[in-house]
Amino acid sequence: QVQLVESGGGSVQAGESLRLSCAVFGYIYSYNCVGWFRQAPGKEREGVAAIYAGGDSTYYADSVKGRFTISQDNAKNTVYLQMNSLKPEDTAMYYCAADPCGTHLMLAGLLRPVYNYWGQGTQVTVSS
């Protein structure tokens with residue numbers, strides 16, 4: 001059973017930073033794709049960032065490029081999302097997701113919410 005344990009959410013003011021953590025258990029970490037997604041009230045869940053190929057490759061949504069950074073610590077089987085220069089528009093429930101990094105995920109799009117394993121979500125609130 002794959003388990004994702006998230007932490008790091010909270011409330012901050014615009015312009016501040018936050019780092020989310022996602023500890024991944026139950027599968028071979030280096031052979032999986034891991035993504036961060038978010039969902040604001042009344043909106044569709046959207047992909048934010050993804051990391052794959054053993055951490056060698058990353059992908060970001062246009063809305064967060066230059067502000068967010070996804071990284072991983074292989075020793076801890078943990079993926080991070082460093083969020084800088086936060087904006088009120090970043091307010092959402094953030095989810096960590098994982099799946100074997102196969103063709104299906106690449107075809108669907110790395111930032112599409114088609115991952116099979118999800119964390120519980122952590123709330124990020126950015127006030128102006």
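Student: How many aromatic pairs does a search of the whole structure find?

Tutor: Before we zoom in, this is a predicted model, with local features requiring pLDDT of at least 70 and side-chain atom pairs counted only at pLDDT 80 or more, while totals for chains, interfaces and linings use all residues. Residues are numbered from 1 along each chain as its sequence is written, and side-chain values use heavy atoms, with hydrogens and water left out.

Now the rings. Searching the whole structure turns up four aromatic pairs (Phe, Tyr or Trp rings, the six-membered one for Trp, with centres within 6.5 Å; planes under 30 degrees apart are stacked, over 60 edge-to-face, the rest tilted). One of them joins F37 and W118: the ring centres sit 5.0 Å apart and the planes meet at 55 degrees, so this pair is tilted. F37 belongs to strand β4 (residues 32–39) and W118 to strand β10 (residues 117–118), so the contact ties together parts that are 81 residues apart in sequence. Strands here are DSSP E runs of at least two residues and helices are H or I runs of at least four, numbered from the N terminus. F37 is buried at 0% relative accessibility, whereas W118 is partly exposed at 26%. (Buried is under 20% relative accessible area, exposed over 50%, partly exposed in between, using a 1.4 Å probe and protein chains only.)

W118 also pairs with Y95, this time edge-to-face, at 6.4 Å centre to centre and 80 degrees between the planes. Y95 is in strand β9 and W118 in strand β10, so that pair links parts 23 residues apart in sequence. Y95 is buried too, at 15% relative accessibility.

On to the charged pairs you asked about. Side chains of opposite charge can pair when their charged atoms come close. The whole structure holds four salt bridges (a Lys or Arg side-chain nitrogen within 4 Å of an Asp or Glu carboxyl oxygen). K65 bridges D62, with closest N and O atoms 3.2 Å apart, and D62 is exposed at 65%. R38 bridges E46 at 2.8 Å between the closest N and O atoms; R38 is buried at 5%, and E46 is partly exposed at 34%.

D90 and R67 make another bridge, with the closest N and O atoms 2.8 Å apart. D90 is in the loop between β8 (78–83) and β9 (92–100), and R67 in the loop between β6 (57–60) and β7 (68–73), so the pair ties together parts 23 residues apart in sequence. D90 is buried at 2%, and R67 is buried at 11%. R38, E46, R67 and D90 are linked in a network of salt bridges.

One last stop: Y80 sits in strand β8 and is buried at 12%. Leaving out residues up to four places away in sequence, Y80 touches several residues, including W36, T69 and D73 (heavy atoms within 4.5 Å count as contact).
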